[in-house]
Amino acid sequence: MKRKLLGVIDATTYHDDLEELLTHRSLAALPFAGRYRIIDFVLSNMVNSGISSVAIFPKMMYRSLMDHLGSGKNWDLNRKRDGLFFFPTPVVDSDINKIGSFENFAANLDFFYRSSQEYSIITNCYTVFNMNFKPLLDWHIHSGCDITEIYHENGTPMEMYLVKTSLLIKLIETRNETGYTCMRDVVLDPEHNHSICRYDYSGYAVMINSIENYFSTSLNLLNSDVWKQLFIKEQPILTKVKDEPPTRYLKGSAVQNAMIANGCLINGTVENSIISRGVKIGKGAVIKNCIIMQKCVIEDNCYLDSVILDKDVKVEAGTILTGTARDPFVVRKGTKQGALMNS
Amino acid sequence: MGKKKCVAMLLAGGKGSRLNSLTKDLAKPAVPFGGKYRIIDFTLSNCANSGIDTVGVLTQYQPLLLNSYIGIGSAWDLDRKDGGVTVLPPYAETSEVKWYTGTASAIYQNLNYLKQYQPEYVLILSGDHIYKMNYESMLEYHIEKRADVTISLIEVPWAEASRFGIMNTNEDLRITEFEEKPAEPKNNLASMGIYIFSWNILKEYLEMDARNSKSSHDFGKDVIPSLLEENKKLYAYPFKGYWKDVGTVKSLWEANMDLLNDECDLDLFDHDWRIYSVNPNQPPQYISPEAIVKESLINEGCTIEGEIDNSVLFQGVSVGKGSIIKESVIMPDAVIGENVKIEKAIVPGDAVIPDGTVIRSFDDEIILVTDEMLSGVYPAFK
């Protein structure tokens, strides 16, 4: 496997419906499940499947993504040979928002030429899942298909494709003649002359494409059937290490049905919520059905229901913020919420 | 090899025999502490935070886990091109195998390691203690006093003074007398086992000590007294703050409980002096709808379905429904079944506690759960 499969992650996608959470970051770097970024899932899956060379194609606002990935060390991808490659697209003004844009790949065609891996898997960056790609590769080789498209067994295409690297190069090189702009164009063209197969994946998988679905997928993690499918000891989801101490529950804290990352100081009440690393929750504060991102500070006696706090938000004492399951109240990164503003 | 102003030598070969079964397969510095750390993390993090980037770690007793834990030192940012962490086990020479017979002999046998860096000062540390300390300030003090040796000291309760090396000083804090574990201590200023030596003095006295067949090759018992005898300039460096030798089951338990106390000086949440450790990379902790968590410290990867009261839980611990964990320390990946009651105990890593087990001390002693106990021969079990 090691030298057989090349990982290609398309991180150029932007979803308008997630705008409020994407003003400072790309979709790939969207925080998820208290300590991860969305790209961690597909990247860890690749590493856990024995892939040792991963190319990431980001577009614009990739500062937070680069900061997160670094040299790839946390995924064991800081290698002398192969490892993690970062290819920001030079095509800034293109409106292509499709997975596996050949135009973006073309700018780095040398990479594909230089890679010795016989097969390539092209994926999106925003699927929450824990999947081993080894059986998929075996299946693909055995089937003799040119292109395998991964579907969820519920019938949704997962925007992931497996092809021979040589065919991928050919598709990129002939994009002007064929008119194909991405992998999806190829499989959707009734006139194509490739054998295309469908591989059904039966495990848990959700593609994050709107605030509503980000919110519900996050809170769904509290269902133990769901998190047990995502967090598997033998196939860990890897992420950037933060050296936070364990979380401390202080006098007066009451926590039920919650997922809580390290480095938090909890004085108040937390119910049905996801709390990220380094969050402080004051005395008498009540947090219900919320997603609280890294390093937020919620002061004493606040009441938050159905709220998403982006990173570094400060909520001043006594503030009340409420949203609904369909329309959670989103507070942008680094802002301050005062009691007077929203009471 | 580049010249280094100060090189640290960390003595990590201790057996910690009073920790009983906890140190059966690992050295004391590798014993888990504080929900996430191993004892040695504190000293290594102090080095990293004090700007000391060259650290020799001397191992001897059960080094396997310690060696693999330290690795190339990247967890403490000590994986350096020049310097960094070097694990220094005892080695054989053409004539004989040289075990480390004492703290001084351990350093003496690694003088060649030190010579590579031509240090001006050598900081000698022990990997057995829990504390946060800026060694850079101590080095500045050593330089300012033009000392030959500086020894850090801490005030200990009088009742415990006879367990330590006790220092008597003049008003200028120059050490006039050093007594190792005196029966009748003259004061309660104890050595923390942290020494800064000027390189020439260290080299000279270690070589002298090695030639002395009557010596037990220990800093406290042999080297420091002979330095004092020859009127060398030894200064005491007073340290204020949290410092604990977690040498016994009880003190290990107490130090963990200290972390739940607001009055405790040991702040793990201080971002300016982080304690680094090898990260287990586990998902966030899950607190179920039935769970109750009161005043506790819980690490990632835990699954809590029972009640946790004033306890410290390491990564990957699971606690089943109806179970109550009170004033206890549960080490990594232990599996606590349903309807278990544990009070004032230390549960070692990977232990599996069957449903319905009761672990409770009858005489206020802290229980260290062992395999033998779990096979059902211990009276603490119903």
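Is F111(A) buried or exposed? Select it and see: F111(A) has 7% relative accessibility, so it counts as buried. (Buried means under 20% relative accessible area, exposed over 50%, partly exposed in between, with a 1.4 Å probe and protein chains only.)

Before moving on, know your model. It is predicted, so local features need pLDDT of at least 70, side-chain atom pairs count only at pLDDT 80 or more, and totals for chains, interfaces and linings use all residues. Residues are numbered from 1 along each chain as its sequence is written, chains are lettered from A and ligands numbered from 1 in the order in which they are written, and side-chain values use heavy atoms, leaving out hydrogens and water.

**Stop 1: aromatic rings in chain A**

Across all chains, the structure holds 28 aromatic pairs. F85(A) and F111(A) make a tilted pair, 4.9 Å centre to centre with 55 degrees between the planes. F85(A) lies in strand β5 (residues 83-86) of chain A and F111(A) in helix α4 (residues 109-114) of chain A, so the pair ties together parts 26 residues apart in sequence. (Helices, H or I with at least four residues, and strands, E with at least two, are DSSP runs numbered from the N terminus.) F85(A) is partly exposed, at 27% relative accessible area.

Now select F129(A) and Y201(A). Their ring centres are 6.5 Å apart and their planes stand at 85 degrees, so this pair is edge-to-face. It links distant parts of the chain: F129(A) is in strand β7 (residues 127-129) of chain A and Y201(A) in strand β10 (residues 196-201) of chain A, 72 residues apart. F129(A) is buried at 0% relative accessibility. Y201(A) is buried too, with a relative accessible area of 11%.

Next, show F57(A), F85(A), F87(A), F105(A), F111(A) and F112(A). Ring pairs link them into a cluster.

**Stop 2: Y14(A)**

Go to Y14(A), in the loop between β1 (5-11) and β2 (31-32) of chain A. At 31% relative accessibility, Y14(A) counts as partly exposed.

**Stop 3: chain B**

Switch to chain B. Colour by secondary structure and find 9 helices and 30 strands. Along its principal axes, the C-alpha trace of chain B spans about 65 × 50 × 45 Å. Of the 382 residues of chain B, 58% count as buried.

Definitions and conventions: Phe/Tyr/Trp six-rings, centres within 6.5 Å; stacked < 30°, edge-to-face > 60°.
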